[in-house]
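Subject: Handing over the structure

Dear colleague,

I am passing this structure on to you, and the notes that follow set out what was found in it. Please read them with the model open beside you.

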Amino acid sequence: MKEDLTIPVSVVMRRRVVSGQGWCVPSWDALAVVVGEGLGSGQVSRQLLRDGPDEQQYLWSGYRLRLFRDACESYWCNLTVEKPRIFVVCRLSEEDGELEPFVITADQDEAGSAVETDDQVFAVDMPPQIYQHLERYVVENYEPQQRKKRKRKNWSERPPS
């Protein structure tokens with residue numbers, strides 16, 4: 001059995017300003033997760049990739065996708081859907097109030113838990129490199145539990161006297 005696995009990743013985020021009658025608010029979404037050893041140095045940083053009149057794109061580097069053995073069932077479910085996803089959990093930064101990636105995960109259950117809090121969760125297509133690592137990790141670490149059906153008691157029978 002392998003130990004927990006980490007994969008260095010970066011996130012491409014897009015920021016647009018949505019405006020209406022006398023108001024405007026920033027709107028964020030995640031565009032992609034990029035895999036690379038030089039990208040996940042451990043120090044989180046943001047780099048402006050594109051600055052247009054309608055939107056800005058940022059590369060958030062220094063993240064690691066962590067795979068845990070106890071989440072293998074969720075990973076397996078993610079791998080078996082038509083479009084496997086990576087989930088980017090974001091929070092508002094205390095420094096500047098901008099949205100910042102907080103956790104990168106392939107665990108659908110973890111992403112679902114984050115949705116129930118004040119965090120924003122974005123789903124992006126899973127890159128082929130992550131798919132290969134995740135598939136190998138699940139094959140090496142996941143043992144499906146045999147489901148046991150409990151036997152029902154017959155409540156109509158009288159107990160012995």
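What covers the buried residues of helix 1 includes strand 4, strand 5, helix 2 and helix 3, where helices (H or I, at least four residues) and strands (E, at least two) are DSSP runs numbered from the N terminus. Those buried residues are Cys72, Ser74, Tyr75, Asn78 and Leu79, and buried means under 20% relative accessible area, with exposed being over 50% and partly exposed in between (1.4 Å probe, protein chains only). Seen down the axis of helix 1, they fall within an arc of 160 degrees, so they line one face of the helix; the arc is that of the directions from the helix axis to the C-beta atoms.

Before going further, please note that this is a predicted model, in which local features need pLDDT of at least 70 and side-chain atom pairs count only at pLDDT 80 or more, while totals for chains, interfaces and linings use all residues. Residues are numbered from 1 along each chain as its sequence is written, and side-chain values use heavy atoms, with hydrogens and water left out.

**Strand 1 and its partners**

Strand 1 (residues 5–19) pairs in the antiparallel sense with strand 4 (residues 55–67) over 11 bridges, two strands being counted as paired if DSSP finds at least two bridges between them. In this pairing, arginine 14 stands opposite glutamine 57 of strand 4. Strand 1 also runs antiparallel to strand 2 (residues 24–35), to which 11 bridges join it, and there arginine 16 has serine 27 as its bridge partner. Strand 1 and strand 2 form a hairpin with 4 residues between them, and glycine 22 in the turn has a positive phi of about 85 degrees.

**Salt bridges**

With a salt bridge taken as a side-chain nitrogen of Lys or Arg within 4 Å of a carboxyl oxygen of Asp or Glu, the count comes to 6. Arginine 15 counts as buried, at 17% relative accessibility.

Another salt bridge is that of arginine 85 and aspartate 125, whose closest N and O atoms are 2.4 Å apart. Arginine 85 lies in strand 5 and aspartate 125 in strand 7, so the pair ties together parts that are 40 residues apart in sequence. Arginine 85 counts as partly exposed at 27% relative accessibility, and aspartate 125 likewise counts as partly exposed, at 45%.

With kind regards

How values were computed
Contact means heavy atoms within 4.5 Å.
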